[in-house]
Amino acid sequence: MLLDVLQGAEPGGFILIQDTVKCTGRGILKCFINAALKRGEDVHVLGFEASETEVCAGLDRSCVQKLHFHKGFPDPLGWMCRSSFTVDQLTSQHITKLIKDSQHAKAPVLVIDSLSLVLRHHDPVVISQRLQVLRKGGDIKTIISLLHSDLHLHGVVGIVSHLASTVISVAPANNEHHAVATTTRRSKSGKVMQEEEYFNVSEDMTLSVQAKLRQHGHVQKEQKVAEVSNAALILNDLRWRFLL
């Protein structure tokens, strides 16, 4: 499932990559950037945690010119006036203007690296509302974001995760050459599909995936959404009041 998500990000989708201090998701994030560039898509990166040099390392040089890096590192709050983009500028109005000023022929991909820095300084419900407006606006094809889930309360992670169409959670594996990715994908009908896979990211940002066997041979499962968390209820209420 992870390769399916990588190869064809759906229009209007929001892909959330959750990692922790035990296992980084930056490699998968860069694989998504590289795949979008190879498809000929423009990619806008809001870089709050890493420099442009670090983000571009390993990407396909033949198409890296389609990557538009908006510098937030190492001054994401703009206190030293060294950033071209700050966490306070993560609004639908500002990003929409940023995209339209670039005059792309097609809607580009928006990458937020990472959402954790934004959530440390802004209300998660407000940020979720802004992301939803961006998803529905049509100026951005797909939003892809990294989230350090161990830095936030479960309720905060739940609010953002409920907004995402795909959540990829990474964790260490017993094999030091691989890690485990749990990919949860929600269809428009409300059906949830989930699969656990081993993965490895090479230096040239090639993603290798191997299915992780489950008990009784079940690798992939489908289930209807049966429980709605308090975070989901809050977000749904906001959608009715502010977005629809």
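Me: Are Phe48 and Phe85 buried or exposed?

Reply: Buried means under 20% relative accessible area, exposed over 50%, and partly exposed in between (1.4 Å probe, protein chains only). Phe48 and Phe85 are both buried. This is a predicted model, in which local features need pLDDT of at least 70, side-chain atom pairs count only at pLDDT 80 or more, and totals for chains, interfaces and linings use all residues. Residues are numbered from 1 along each chain as its sequence is written, and side-chain values use heavy atoms, with hydrogens and water left out.

Me: How many aromatic pairs does a search of the whole structure find?

Reply: Rings of Phe, Tyr and Trp (its six-membered ring) pair if their centres lie within 6.5 Å; planes under 30 degrees apart count as stacked, over 60 as edge-to-face and the rest as tilted. The search finds 1 aromatic pair. The ring centres of Phe48 and Phe85 are 6.1 Å apart and the planes stand at 40°, so this pair is tilted.

Me: Which side chain meets Arg26 in a salt bridge?

Reply: Side chains of opposite charge can pair when their charged atoms come close. A salt bridge requires a side-chain nitrogen of Lys or Arg within 4 Å of a carboxyl oxygen of Asp or Glu, and the count comes to 7. Arg26 meets Glu49 at 3.2 Å, N to O. Arg26 is buried at 16% relative accessible area, whereas Glu49 is partly exposed at 24%.

Me: What is the N to O distance between Lys141 and Glu41?

Reply: The distance in this salt bridge is 2.5 Å. Lys141 is buried at 19% relative accessibility, and Glu41 is buried at 8%.
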